[in-house]
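Student: I would like to learn how to read strand pairing and helix packing in a model. Please take the topics one at a time.

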Amino acid sequence: MLYVDNRGITDPRVNLALEEHVLRHRFPGEECLLFYINEPSIIIGRNQNTVEEIDPDAVEARGIHVVRRISGGGAVYHDLGNLNFSFIAPYAPQRFNRYEAFTRPVVMVLRELGVPAELGGRNDLVADGRKISGNAQFVTGDRMFSHGTVLVDTDLDVMPTVLTPKPGKIESKGHKSVRSRVANVREFLAEPLTAAELRGRLLEGIFGDPDPAERLELTDEDWAAVRHLADTKYGTWEWNIGKSPPSNISRARRFPFGEVDVRIDVQEGRIAGVRFFGDFIGLAEVAGLEQRLSGLRYDRHAVVGALAEVDLTAYFGPIAQEELLSLVFG
C-alpha cells in the first residue's frame, strides 16, 4: 500500500479532486491510502438533491463550502475536527458494499485508543450505539475506493443547523439523508486527540510509521491536473447544485394582504417553471413575474438580481422583496 500525502490541504474541492485523480490516473495495480481534513463544508452524495439537504442561509452565513462527491450515500458535515480516509484499490466484486476489510484498521486503532468502535449497520462505524464514522464506495472500470469520515472533535452544534433544509414541501428523486445519533471520538478518550493526531496513529497502525516511506509521489503534472479538476468540476455550481435530481417545491404563507402559494419545478438546479397561487389581489398578472423567474438558477443571488427592478406590490400587494424570497427559498 502507498500513502498519498495531500500536503495539508483543507480545501474540500481540491481534496475530492485529488482522490478522483489518484483513482482514475495513478498506479492502477496498487492500493493507496489518502487522508484529508477539510475546512467547514457539507459534502453531498452523488445522487442527492442539494436543496433537500442544506439550509442555504446558514451555510452562506458561516461561509461553508457545499461540494458534491462522486460516491453515493448521504450528506455529511466536515470541519477541522473531522478526519477523512480513502482506500483506493483494484476493484473486485466481493469488495463492493463490503466495508469491513477497509474499516478494519480504523477500528483496530480506535480500539487501541479506548474507543469501543465496531462496524454497525451496512456502512457505519459506531461506538456505544452512536455513529462516529460514515462510509461510501465508488467503482470505475477496474478501480474503486472506499472512503469514510471519523468524527474526532467536530462541532456537533453546527452540524444540525446547516444540514436542516428550510420548511416546505420538497419532492424529488434524490436520495435523502438519514440523520443518525452521532458522537465524537474524543468523548470516549481519557486524553484529548486532534484529527491530525489520529491520522498519525492510523498511519503508524497501518504502515508501522507515522511518516511512512511507502509513498505515491505526485508530480507537478499531477497537481496541475488536480487543480484543474477542482476548478472545472468540484468548484462549480453545475456540479455541486446543477447535478441535483429534479424536484418540486411548494410553500405557502399568509400575509396581511392574502395568502401566497408558490410551486417551483427545479430541473438541473434551475427554475424550469414557477406558479404563484393565492387570494391576493394585484394589479399585474403574476404570469409576467413567473416568466421572469423561469430559467434562473434556483439560487437566492440569481433571483435577487432578477427582481432588482421589479415592483412586487403590483403583483401581490404590499410585500417586501425579502418576504417573497423567504417564501421561495424558505
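Student: How many bridges join E7 to strand E8, and do they run parallel or antiparallel?

Tutor: Strands of a sheet pair through backbone hydrogen bonds, either parallel or antiparallel. Here E7 and strand E8 (residues 124-127) run antiparallel and are joined by four bridges. Within this pair, Leu-119 has Leu-125 of E8 as its bridge partner. Two strands count as paired if DSSP finds at least two bridges between them. The labels are DSSP runs numbered from the N terminus: helices are H or I with at least four residues, strands are E with at least two.

Student: What should I know about the source of the values?

Tutor: The model is predicted, so local features need pLDDT of at least 70 and side-chain atom pairs count only at pLDDT 80 or more, while totals for chains, interfaces and linings use all residues. Residues are numbered from 1 along each chain as its sequence is written, and side-chain values use heavy atoms, with hydrogens and water left out.

Student: What is the strand order in the open sheet of seven strands?

Tutor: The order is E1-E2-E6-E10-E9-E8-E7, and the pairing is mixed. Strand E1 (2-4) and strand E7 (117-120) are the edges, each pairing on one side only. From one strand to the next, the twist averages 20 degrees.

Student: Which strands form the open sheet of three?

Tutor: The order is E4-E3-E5, again with mixed pairing. Strand E3 (residues 41-44) pairs with E5 in the antiparallel sense over three bridges, and Ile-42 stands opposite Tyr-77 in E5.

Student: At what angle do helix H1 and helix H7 pack?

Tutor: Two packed helices are described by the angle between their axes and the distance between the axes. For H1 (residues 12-25) and H7 (residues 220-234), the angle is about 120 degrees and the axes are 8 Å apart. Axes are lines fitted to C-alpha atoms, for helices over the stretch in contact, and angles run from 0 to 180 degrees between N-to-C directions. H1 and H7 are therefore oblique to each other; under 35 degrees counts as roughly parallel, over 145 as roughly antiparallel, 65 to 115 as roughly perpendicular and the rest as oblique.

Student: Which residues make the contact?

Tutor: Contact means heavy atoms within 4.5 Å. Among the residues involved are Leu-16 and His-21 of H1 and Trp-223 and Tyr-234 of H7.
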